[in-house]
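Subject: Handing over the structure

Hi,

Here is the structure I promised to pass on. Have a look at it first, and then read my notes below.

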Amino acid sequence: MNRFVIGDPKDCIGCNTCMAACSEVHKAFGLQSFPRLQVMRNDDITVPILCRHCDDSPCATVCPVHAIKHENDTIQLNEGLCIGCKLCGIACPFGAITQHGSAPIRTAPDNTDLHNMLAWQPGVKAIAVKCDLCYFREDGPACVQTCPTKTLFIISDESIKQANERKREMAMISSPAIPR
């Protein structure tokens with residue numbers, strides 16, 4: 001199983017601290033500053049949406065230039081290889097891949113009324129943006145580290161094993177002894 005970050009909607013307060021942290025650390029590392037996660041809101045709930053680093057990775061399957069690959073129990077995007085075809089965003093079952101590009105020096109007409117998968121600007125190369133688990137940071141994903149309510153956490157084989165052990169321990173504590 002690949003590692004990924006997930007958010008617990010019952011604790012998310014929609015502060016966007018995770019998005020700001022993501023943006024800043026990627027910008028400092030020389031990558032696009034557009035956040036790799038989006039905080040989604042409706043009337044009742046707020047939750048960050050991130051790449052689930054799928055084992056079958058439909059995004060990597062459809063990428064015509066192999067810019068998305070399986071590496072170190074994650075699905076990584078090489079921004080330098082991406083041609084901006086948007087197939088990965090269409091294939092993503094979680095809506096966790098978006099397209100973004102740098103603005104040219106000259107101001108181009110703005111298509112902000114369009115969904116980001118349809119928007120375009122002359123002279124701007126839009127490339128895919130997805131969670132990379134901050135592979136370049138020793139401390140792991142910046143979003144997890146900076147979340148004030150600890151809503152975000154990493155799911156991995158080890159974290160699932162620990163959660164199952166805690167559940168078994170709690171079940172043993174709360175259930176009466178079974179007579180023999």
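What percentage of the 180 residues of the chain count as buried? The figure is 38%, where buried means under 20% relative accessible area, exposed means over 50%, and partly exposed is in between (1.4 Å probe, protein chains only).

Some ground rules before the details. This is a predicted model, in which local features need pLDDT of at least 70 and side-chain atom pairs count only at pLDDT 80 or more, while totals for chains, interfaces and linings use all residues. Residues are numbered from 1 along each chain as its sequence is written, and side-chain values use heavy atoms, with hydrogens and water left out.

On confidence: pLDDT is the predictor's confidence in each residue, from 0 to 100. The chain averages 86, and 84% of the residues score at least 70. Confidence is highest in α2, at a mean of 97, and lowest in helix α5 (residues 157-174), at 87. Over residues 103-109, though, the pLDDT is below 50, and this stretch has nine contacts in the model beyond near neighbours in sequence. Where pLDDT is low, the predicted coordinates should not be read in detail.

Now the layout. The chain has five helices and eight strands, counted as DSSP runs (helices H or I, at least four residues; strands E, at least two) and numbered from the N terminus. Reading from that end, the order is β-α-β-β-α-β-β-α-β-β-α-β-α. A contact here means heavy atoms within 4.5 Å. Of the contacts between residues at least 6 apart in sequence, 65% join residues at least 24 apart.

(The expected span is 1.5 Å times one less than the number of residues.) Cys 18, Met 19, Ala 21, Cys 22, Ser 23 and His 26 are the buried residues of α1, and their cover includes β2 (38-41), α4 (142-146) and β8 (152-155). Just after the helix, Gly 30 takes a positive phi of about 95°.

A polar atom of its side chain lies 2.4 Å from the backbone oxygen of Ser 33. Ser 23 is also 9.5 Å from Cys 143, C-alpha to C-alpha, although the two are 120 residues apart in sequence.

Next, the core. A nonpolar core is a set of buried Ala, Val, Leu, Ile, Met, Phe, Trp, Tyr and Cys residues joined through side-chain atoms within 4.5 Å. The largest one has 28 residues, and those with the most contacts inside it are Val 5, Cys 18, Leu 50, Ile 68, Cys 143 and Leu 152. Two or more residues each come from α1, α2 (58-62), β5 (74-77), β7 (127-129) and α4, and α1 gives the largest share, three residues. Leu 152 touches, among others beyond four places in sequence, Val 5, Cys 18, Pro 48, Leu 50 and Cys 143.

For Cys 82, the nearest is that of Cys 88, 6.0 Å away. Cys 18 is buried, at 8% relative accessible area, and Cys 82 also counts as buried, at 8%.

Finally, a few loop residues. Glu 79, in the loop between β5 and α3 (87-91), is buried at 15% relative accessible area. Its side chain makes a polar contact of 2.5 Å with that of Arg 36. (A polar contact is a pair of N or O atoms within 3.5 Å; within protein, one must be able to donate a hydrogen and the other to accept it, and residues adjacent in sequence count only if both atoms are side-chain atoms.) Setting aside residues up to four places away in sequence, Glu 79 touches Leu 31, Gln 32, Arg 36, Ile 127 and Ala 128.

Asn 72, in the loop between β4 and β5, is exposed, with a relative accessible area of 65%. Its phi is positive, near 50°, in a residue other than glycine. His 66, in the loop between α2 and β4 (68-71), has a positive phi of about 55° and is not a glycine either.

Cheers

Key
A disulfide is a pair of cysteine sulfur atoms within 2.5 Å.
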